Amino acid sequence: MTMHTPTTPAFKANAHAALDNVNLQTALRGSRGNFVAKRAKARADLPEFDDLRDRARDLKNAVLANLDLYLEAYEAKVVESGGHVHWAKTAEDAQRIVLEICRNAGAKTVNKGKTMISEECAINDHLIAHGITPVETDLGEYIIQLRGEIPSHIIAPAVHVTVPEVETAFRKAHTHLDPARDLTNMASLQAEARGVLRAKYFEAEVGITGANMLIAETGHSIIVTNEGNGDLSQSLPRVHIVMASLEKIVPTLEDASTILRVLARSATGQEMSVYTTFSKGPRRAEDEDGPEEYHVVLLDNGRSNMLGTEFQDMLRCIRCGACMNHCPVYQAVGGHAYGWVYPGPMGAVLTPSLIGVETGGHLPNASTFCGRCEAVCPMHIPLPKMMRHWREREFEKQLTPGAVRYGLGAYAWVAARPKLYRLATRIGARVLRAMGRRGRIKALPFGGGWTDMRDFPSPQGRTFMEQWKARAK
Amino acid sequence: MSGPRVALFVTCLVDMFRPSVGFATVKLLEDAGCTVEVPQAQTCCGQPAYNSGDRATARAMARAMIAAFEGFDYVVAPSGSCAVQIRKDYPQLFPEGDPFAARARAVAERTHEITSFLTDVLGVTSVPQTASVSATYHDSCSGLRSLGVHDQPRTLLGSVAGLELTEMVEADVCCGFGGTFCVKYPDISNVMVGDKTRNIAATGADLVLAGDLGCLMNMAGKASREGRAFRARHVVEVLAGDLGTPAIGDAT
């Protein structure tokens, strides 16, 4: 089995390393605010944006209430058009199905449009282990493939990489090109990637893409891209595989257009992505191009277990990335610190659902509940609330650290006794005041988390309740 | 007095660390014609337990708080975060059918953060204060995003003669406090508060103001460690004319 091994249990160490990583910090600081400003403008330019968000949420809720029916309708349409639908209960199932299709096609090379479901299933590793070469054709994905990394962002997979690092990766990989060429700016890097990848499009026997949506009424899958790489990946090879998770379904074309109107605006601040591509079934007799075989791999991998639970709303997610673009924790540490495929607030909710809270438990804790993610989510997903639900599951399973459990217990015990609480706070205020010099404490015993990097302001002296009582007399 | 009967929820941080914020809040309420009472049974809203996943403890603490604050016209706190806990989260802790549901809802809908209470409920849009200082306002997350506290403190600050308000960049971005977050993930919290103090300093303001003491202690503590020139105060201190009390983290 080839799966990305989660490093989520090491989130703290990952975060620490990320904060010390100069290149990463340069990249994160460089992109900070760009997505935020663009989304804000896109929203301001469309008066009905918030109405569209409500409609998008409502239509996805209706889908989730009848998911099985919509999936069956979609499958029937795909089959009717000559395509195949493969149900993958687990990531391993998806690996097996994809490999089998590739082998049947005699594939040596597989071109890939951007697909997070492929990342979730570690399809590239699996193909390589079986002698098939996957080629990522999205520029960001191509960069991280050369660097041997997984995406650090769901729509901008290489957002953690600086221009000089891309140059290094290209010089190492493209040894057939003139060593004296200039690769110091984005334009030259893009041109080089385009040239290299253009040749690859004609070599691949199979093309794999993701799907932003699957439409039940017609059997279409939709991808949105800005590079056009997805179109070439899916229309030139003899076989096209769509990899999608089962919650990507929407009932009608009309519904798809509602979601398209909030998707790009939330993601990149564009009104629409440059390419919005519909595909359905293999090429028909009258078609000038297109694949001879059309397969859809529908992945569950734990999602159906979320239905009917307090995590069901997470299945509304359309993977725009707005939550991570607005998350101060993500902005500080980047996506790799989260330790698995999905970073940021959506990852903090989804990851424990997919790989277990025992492994992914740090992520829903690493949030201040600042609420910026929920505020910008086009699907109104209550991300902080669901992170709290994960904390509750951890508390129930006794995964919460002992110090926190006992500390809370002691605090609650005292707080339940107002007289004792008054006494404890009076003593506490005086002790802390005595420890401080000139109004601040430089080092707190057991409070190094605070005072290693900040002073701790001392209390003023007598508590409010104490003084109020005196005043009332 | 014929004004509304208001219970002050002083909040655990203000009670223990900065009682002057409590008295400034009382002054603002009394000046606006309220009769202020301080229920003696109040302790803490239970947010630390609630946000740590300890729902049973959070419910127990909520029950005690609801009992302490029932029967008033309003409950007012000098904190957006603590007000949200009562106003938004208590009803979630006691869903329909729970014997406490109606009581939780009744207290919840009467509970307010101080600046929004003054402007939105009492219609107060100015305070008779003078302060020749420059200030910048940090939007604490819960108040901003769960209660819509944004214009209210700015409106009131705008009425203080001589006060110059300069907006910082990313005023609505979290300072990195986050309750237990700041000690559970100190590295990340430190970066967040470092960004915040840099943004505050860039305005050149003498003061950073905010509506939550937790955020203020975090920002003041970082600024103090960095040797920044600006000082930190709760917004009610300026609105109540209490600039004589040393700022947060200054010698008393």
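This is a predicted model: local features need pLDDT of at least 70, side-chain atom pairs count only at pLDDT 80 or more; totals for chains, interfaces and linings use all residues.
Let me begin with helix 4 of chain B, residues 55-69, and helix 6 of chain B, residues 101-110, which pack at an angle of about 60 degrees with their axes 10 Å apart. Because angles of 65 to 115 degrees count as roughly perpendicular and those under 35 as roughly parallel, helix 4 of chain B is oblique to helix 6 of chain B. The crossing of helix 4 of chain B with helix 6 of chain B is left-handed. On the helix 4 side the residues are B:Ala62, B:Ile66 and B:Phe69, and they meet B:Arg103, B:Ala104 and B:Val107 in helix 6 of chain B; by class, this contact has 5 nonpolar residues, no polar residues and 1 charged residue.

Turning to the two chains, the contact takes 58 residues from chain B and 52 residues from chain A. Among the helices of chain B that each supply at least two residues to the side touching chain A are helix 2 (19-31), helix 4, helix 11 (186-203) and helix 12 (213-226). By class, that side of chain B has 31 nonpolar, 17 polar and 10 charged residues.

Last, the core: the largest nonpolar core has 220 residues, and those with the most contacts inside it are A:Val206, A:Val297 and A:Leu299. If we take A:Val206 and leave aside its neighbours within four places in sequence, the residues in contact with A:Val206 are A:Ile101, A:Cys102, A:Ala105, A:Ala107, A:Val110, A:Pro237, A:Val239 and A:Ile241.

Key: Residues are numbered from 1 along each chain as its sequence is written. Chains are lettered from A and ligands numbered from 1 in the order in which they are written. Axes are lines fitted to C-alpha atoms, for helices over the stretch in contact, and angles run from 0 to 180 degrees between N-to-C directions. Helices (H or I, at least four residues) and strands (E, at least two) are DSSP runs, numbered from the N terminus. Angles under 35 degrees count as roughly parallel, over 145 as roughly antiparallel, 65 to 115 as roughly perpendicular and the rest as oblique. A crossing is left-handed if the near helix is turned anticlockwise from the far one by less than a right angle, and right-handed if clockwise. Two residues are in contact if their C-beta atoms, placed from the backbone, lie within 7 Å. Ala, Val, Leu, Ile, Met, Phe, Trp, Tyr, Cys and Pro count as nonpolar, Asp, Glu, Lys and Arg as charged, and the others, Gly among them, as polar. A nonpolar core is a set of buried Ala, Val, Leu, Ile, Met, Phe, Trp, Tyr and Cys residues joined through C-beta atoms within 7 Å. A residue is buried if 20 or more other C-beta atoms lie within 10 Å of its own, exposed if 12 or fewer, and partly exposed in between; C-beta atoms are placed from the backbone.
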